[in-house]
Amino acid sequence: MATAGSVELSPSSIPAEWIIAGTPKAWNKEVANSGDRISQIVVWECTAGRFQWHYKKDESVVVISGEAFLIKPDGKEIRFGAGDVGFFPARTVCIWRVPGPFRKVAVLREPMWRPIGYAAKAWNRLLQRLGLAAKPSLDSIDHADLTVERREGLEPEYTPATPRR
């Protein structure tokens, strides 16, 4: 359990050869890892700059704060702001323009050759049907600690989601 907006990050880097403009600095923290080490959840932040990013893994993102602009090959920009989500397949290369501090949560997953992925799914289903699949347990988690109210001593509050577009 981590609060993405306030988790303490460690210095990271953007490879110098990827930087197009400015002097962007980056920080990150891996907050979770799957048992098979195929997937990770990372909180990542950077400062202003323009850079090319080479995705080595499949990456699903949720923007926590700030904004960044994906620059398409035709020069048009797509804005990513707080609450926006995106998916970038492994081996994708994108150019980003970041005007100021930007923070996101990224779910990274090792790309898998499709036949191996289908085989793994079939194997897991077989194990489930035979009753041999390991059952995850959340018994060690105090679920009351997962609520914002418990962590911050706040009264429960309901705020409906507002459509962005």
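This tour goes from the sheets to the turns, then to the rings, and ends at a pocket.

**Before you click**

You are looking at a predicted model, where local features need pLDDT of at least 70 and side-chain atom pairs count only at pLDDT 80 or more, while totals for chains, interfaces and linings use all residues. Residues are numbered from 1 along each chain as its sequence is written, and side-chain values use heavy atoms, with hydrogens and water left out.

**Stop 1**

Strands here are DSSP runs of E with at least two residues, numbered from the N terminus. Two strands pair if DSSP finds at least two bridges between them. Strands of a sheet pair through backbone hydrogen bonds, either parallel or antiparallel.

Colour β1, β3, β4, β11, β6 and β9, in that order: they make an open sheet of six strands with antiparallel pairing. Which strands stand at the edges? They are β1 and β9, each with a single partner strand, so one side of each has no neighbour in the sheet. On average, neighbouring strands of this sheet are turned by 30° against each other, direction ignored. (For such angles, axes are lines fitted to C-alpha atoms, and values run from 0 to 180 degrees between N-to-C directions.)

Now zoom in on β1 (residues 10–12), which pairs with β3 in the antiparallel sense over three bridges. Select S10 and you can find its bridge partner, N28, in β3. On to the next pairing: β3 and β4 run antiparallel and are joined by seven bridges. Pick W27 and look for its partner E45 in β4, then pick K29, which stands opposite V43 in β4.

**Stop 1: two turns with a positive phi**

Follow β3 into β4: the two form a hairpin with five residues between them. Most residues other than glycine have a negative phi, and most peptide bonds are trans. Click R37, in the loop between β3 (26–33) and β4 (39–46), and you get a positive phi, near 65°.

Is R37 buried or exposed? The cut-offs are under 20% relative accessible area for buried, over 50% for exposed, and partly exposed in between (1.4 Å probe, protein chains only). R37 has 56% relative accessibility, so R37 counts as exposed.

Next, jump to R91 in the loop between β9 (85–88) and β10 (93–98). R91 has a positive phi too, near 80°, and is exposed at 68% relative accessibility.

**Stop 2**

At the β8 end, β7 (residues 67–71) pairs with β8 in the antiparallel sense over five bridges. Select L70 and you will find I78 of β8 opposite.

**Stop 3: rings and charges**

Show the aromatic side chains. Rings of Phe, Tyr and Trp (its six-membered ring) pair if their centres lie within 6.5 Å; planes under 30 degrees apart count as stacked, over 60 as edge-to-face and the rest as tilted. By this rule there are seven aromatic pairs. Y55 is buried at 4% relative accessible area, and F88 is buried at 6%. F88 also forms a tilted pair with F80, 6.1 Å centre to centre with 45° between the planes.

Then select W18, W44, F51 and W53, a cluster linked by ring pairs.

A charge sits over a ring if NZ of Lys or CZ of Arg is within 6 Å of the ring centre and within 35 degrees of the ring normal. K104 does this over W44, at 4.9 Å from the ring centre. R97 does it over F69, 4.3 Å from the centre.

**Stop 4: the largest pocket**

A pocket is an open set of points on a 1 Å grid over the protein atoms alone, where a 1.4 Å probe fits, with protein on both sides within 12 Å along at least five of seven lines; lining residues have an atom within 4 Å of a point. A volume is the space filled by probe spheres set on the points. The largest pocket comes to about 340 Å³. Of the 16 residues that line it, the closest to its centre are N28, W44, W53, E59 and L108. Finish on β11 (102–109), the strand that gives the largest share of this lining, three residues.

Definitions and conventions. Helices (H or I, at least four residues) and strands (E, at least two) are DSSP runs, numbered from the N terminus.
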